[in-house]
Amino acid sequence: MVLITRKIEFAASHLYHNPALSAEENRRVFGKCNNPHGHGHNYTLEVTVAGEPDPVTGMVLDLKELKEILEREIMQRMDHRFLNYEVEELKGKIPTCENIVRVIWELLEPKIRQGRLHRVRLYESADLFADCYRNGAAC
Amino acid sequence: MLVHSKDDQRSDLAELGRSSAAPLHIELGRRYRFAASHRLHTEALSAEENARVFGKCANPFGHGHNYLLEINVSGDVDPATGMIANLAELDRFVEREVLSPFDHHSLNEDVEAFRGVVPTTENLCIEIYERLKKFPKAKVERVRVQETSNNSFEYDGNQKGSAS
């Protein structure tokens, strides 16, 4: 099995706020991430697909196709958007790395038909990221 | 109106097939930095053997590195916060357990665990894992310690050494 990883970057804004909590609780739990007008990050997304190289093409998957999937499913949906208000899949969720990475996994997994999705890693900054796997596939 | 192409139908079927698959596993990764000195040397070997085994890492007054520490934790994502663990709590815990005792210190002289144990990054990685696995709010999956940009070490508590 070979793992192949493609990386993209997108810029988006978000804020953390749970309407079920009081203003004070929101402030205590989320700190400055609760500032009312939001803030932004340059996100880096690494998408890793596992598979066997095709004997004819030598490829696990056509990277061109993966690039198009990432453009259509992620870039068009999230790049230069306010994640809380503009991304349907995140409505009602706090747009943390943990929640965004799950949404990205669920968007990508059914679209990848060569190989299988192995890992999605989303960096919010160089020092903070979340990984998503199908259970049992972590390595 | 939504028009489903054949491709979409195929992917819908693929999704249905996967819905019975294993659940998703989410990990939170966090990186920290500390600077520390060490010397690789053991009383169990002669001066010549130390020099042969450890090379310039055995130089008597030690040397230092800018270490990068990466920790991955897993657990349920709390729907109220969207988080596996509160970052401020994780940061405070790592600060107390590792960064404060290690940063700008000599690993050989200042860290009890390295009395009589060579502070290679393998041993450092194990020591850091042992300290951080006590984090009460999430499961520590593994730690990775990068000594320089060219070498790094990972430990997940599996002493048998089989990669997970």
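Predicted model: local features only at pLDDT ≥ 70, side-chain atom pairs only at ≥ 80, totals over all residues.
**View 1. The buried residues of helix α4 of chain A.** Cys97(A), Glu98(A), Asn99(A), Ile100(A), Val101(A), Arg102(A), Val103(A), Ile104(A), Trp105(A) and Leu108(A) are the buried residues of α4(A). Here a residue is buried if 20 or more other C-beta atoms lie within 10 Å of its own, exposed if 12 or fewer, and partly exposed in between, with C-beta atoms placed from the backbone. Helices (H or I, at least four residues) and strands (E, at least two) are DSSP runs, numbered from the N terminus. Since 10 of the 12 residues of α4(A) are buried, this helix is largely enclosed by the rest of the structure. The cover over those buried residues includes β2, α2 (63-78), α3 (83-86), β4 (116-125) and β5 of chain A, along with β1 of chain B. From first C-alpha to last, α4(A) reaches 16 Å, close to the 16 Å expected at 1.5 Å a residue; the expected span is 1.5 Å times one less than the number of residues.

View 2. Residues are numbered from 1 along each chain as its sequence is written, while chains are lettered from A and ligands numbered from 1 in the order in which they are written. The pLDDT is the predictor's confidence in each residue, from 0 to 100. Chain B has a mean pLDDT of 89, with 85% of its residues at 70 or more. Watch residues 1-14 of chain B, though: pLDDT stays under 50 there. The scores for the model are ipTM 0.89 and pTM 0.87.

**View 3. The core around Leu122(A).** A nonpolar core is a set of buried Ala, Val, Leu, Ile, Met, Phe, Trp, Tyr and Cys residues joined through C-beta atoms within 7 Å. The largest one has 53 residues, and Val101(A), Ile104(A), Val120(A) and Leu122(A) touch the most other members. Helix α4 of chain A brings the largest share, 7 residues. Two residues are in contact if their C-beta atoms, placed from the backbone, lie within 7 Å. Beyond its neighbours within four places in sequence, Leu122(A) has contacts that include Tyr43(A), Leu45(A), Phe129(A) and Ala130(A).

**View 4. Where chain B meets chain A.** The contact takes 25 residues from chain B and 30 residues from chain A. On the side of chain B that touches chain A, β1(B) gives the most, with 8 residues. That side divides into 13 nonpolar, 7 polar and 5 charged residues; Ala, Val, Leu, Ile, Met, Phe, Trp, Tyr, Cys and Pro count as nonpolar, Asp, Glu, Lys and Arg as charged, and the others, Gly among them, as polar. Strand β5 (residues 128-134) of chain A and β1(B) run antiparallel, joined by 7 bridges. Two strands pair if DSSP finds at least two bridges between them. Look for Ala130(A), which stands opposite Leu28(B).

**View 5. Strand β1 of chain A and its partners.** Strands β1 (residues 2-14) and β2 (residues 39-51) of chain A run antiparallel, with 13 bridges, and Thr5(A) stands opposite Thr48(A). With β3 (residues 81-82) of chain A, β1(A) runs parallel through 2 bridges.

**View 6. A histidine in each chain.** His80(A), in the loop between α2 and β3 of chain A, has a positive phi of about 60° although it is not a glycine. His104(B) has a positive phi near 60° too, and is exposed, with 12 other C-beta atoms within 10 Å.
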